[in-house]
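Okay, thanks for having me, everyone. I'd like to walk you through one structure today, so let me put it on the screen.

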Amino acid sequence: LDLVYFTNREEETDLFSQDYSQTLRFIARLTPGLTTELAGIYSTSRGETDSWSKGANLTVSWRASDILAMSVSGTQTWESDDSTPFLYNMTISLAPTYKTQLSLGYSHQEETDSYNANYTWILNDIFSLQFYANYVDRKESDSETGRVSRFFNDDRNDSRLAFGGQLNVRY
């Protein structure tokens, strides 16, 4: 059980807010390499406007070997009497050495697909490099015909690509 309580008061506007959240997790190890987790989440926020959200998440993780792990999950949330579309996630992690790790991910929610890749390389006890790339592809469906169209190089395009890297220093 995770409980979080947070209060905030802005000096300039004298606005006060309170946030409270709780997460209850059930974890089961089905085999030495296969685990499942069911989490229930509830949070409230009180301030200038009040809101609440609740949700459930089911995750299944499989560690195929010392270097390969896979995870799939599904999440459903509701916010202030509104339901959000179901979210699917899938992640594959590969760590061929203790100094390198590659993680590939995919998620789908309603008409949006997201792809990501992360690569971490530990150079020594002090320095490590991290590279990442994210691509989001939003499809738009015609409500009358139900046909899905993709917009690329169009004013209505909501596809995005981001990539970068960083040098981490630990001392």
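First, some housekeeping. This is a predicted model, so local features need pLDDT of at least 70 and side-chain atom pairs count only at pLDDT 80 or more, while totals for chains, interfaces and linings use all residues. Residues are numbered from 1 along each chain as its sequence is written, and side-chain values use heavy atoms, with hydrogens and water left out.

Let's start with the strands. When I say strand, I mean a DSSP run of at least two residues, numbered from the N terminus. Two strands pair if DSSP finds at least two bridges between them. Strand E3, residues 34–46, pairs with E4 in the antiparallel sense, over twelve bridges. A hairpin with four residues links E3 to E4.

Now, what does E4 do with E5? They pair too, in the antiparallel sense, over eleven bridges. Here Ala-56 stands opposite Gln-76 in E5. E4 and E5 also form a hairpin, with four residues between them.

A bit of background: in a regular strand the side chains alternate between the two faces of the sheet.

Next, the surface. There's a nonpolar patch of about 1,100 Å², and its members include Leu-1, Tyr-20, Phe-26, Val-72 and Met-90. Which elements give two or more residues to it? Strand E1 (2–9), strand E2 (16–31) and strand E4 (51–63). E2 gives the most, with three residues.

How is a patch put together? Its residues have over 30% relative accessible area and no salt bridge; nonpolar side chains (Val, Leu, Ile, Met, Phe, Trp, Tyr) are joined within 5 Å, and like charges within 9 Å. A salt bridge is a side-chain nitrogen of Lys or Arg within 4 Å of a carboxyl oxygen of Asp or Glu. The areas come from the Shrake-Rupley method with a 1.4 Å probe, and for residues only the protein chains shown count as cover.

Take Val-72, which sits in strand E5, residues 68–79. Val-72 is partly exposed, because its relative accessible area is 41% (buried is under 20%, exposed is over 50%, and partly exposed is in between).

On to the aromatics. Rings of Phe, Tyr and Trp (its six-membered ring) pair if their centres lie within 6.5 Å; planes under 30 degrees apart are stacked, over 60 edge-to-face, and the rest tilted. That rule gives three aromatic pairs. Phe-86 and Tyr-88 have ring centres 4.8 Å apart and planes at 65 degrees, so that pair is edge-to-face. Tyr-106 and Tyr-115 make a tilted pair, with 5.2 Å centre to centre and 45 degrees between the planes. As for cover, Tyr-106 is partly exposed at 28%, and Tyr-115 is partly exposed at 38%.

Last, two loop residues. Glu-110 lies in the loop between strand E8 (100–109) and strand E9 (112–122). Its phi is positive, about 50 degrees, although Glu-110 is not a glycine. Is Glu-110 buried or exposed? Exposed, because its relative accessibility is 57%.

Ser-159 is in the loop between strand E11 (148–150) and strand E12 (160–169). Ser-159 counts as buried, at 13% relative accessibility. Its side chain makes a polar contact of 3.0 Å with the side chain of Asp-137. A polar contact is a pair of N or O atoms within 3.5 Å; within protein, one must be able to donate a hydrogen and the other to accept it, and residues adjacent in sequence count only if both atoms are side-chain atoms.

Notes
Buried means under 20% relative accessible area, exposed over 50%, partly exposed in between (1.4 Å probe, protein chains only).
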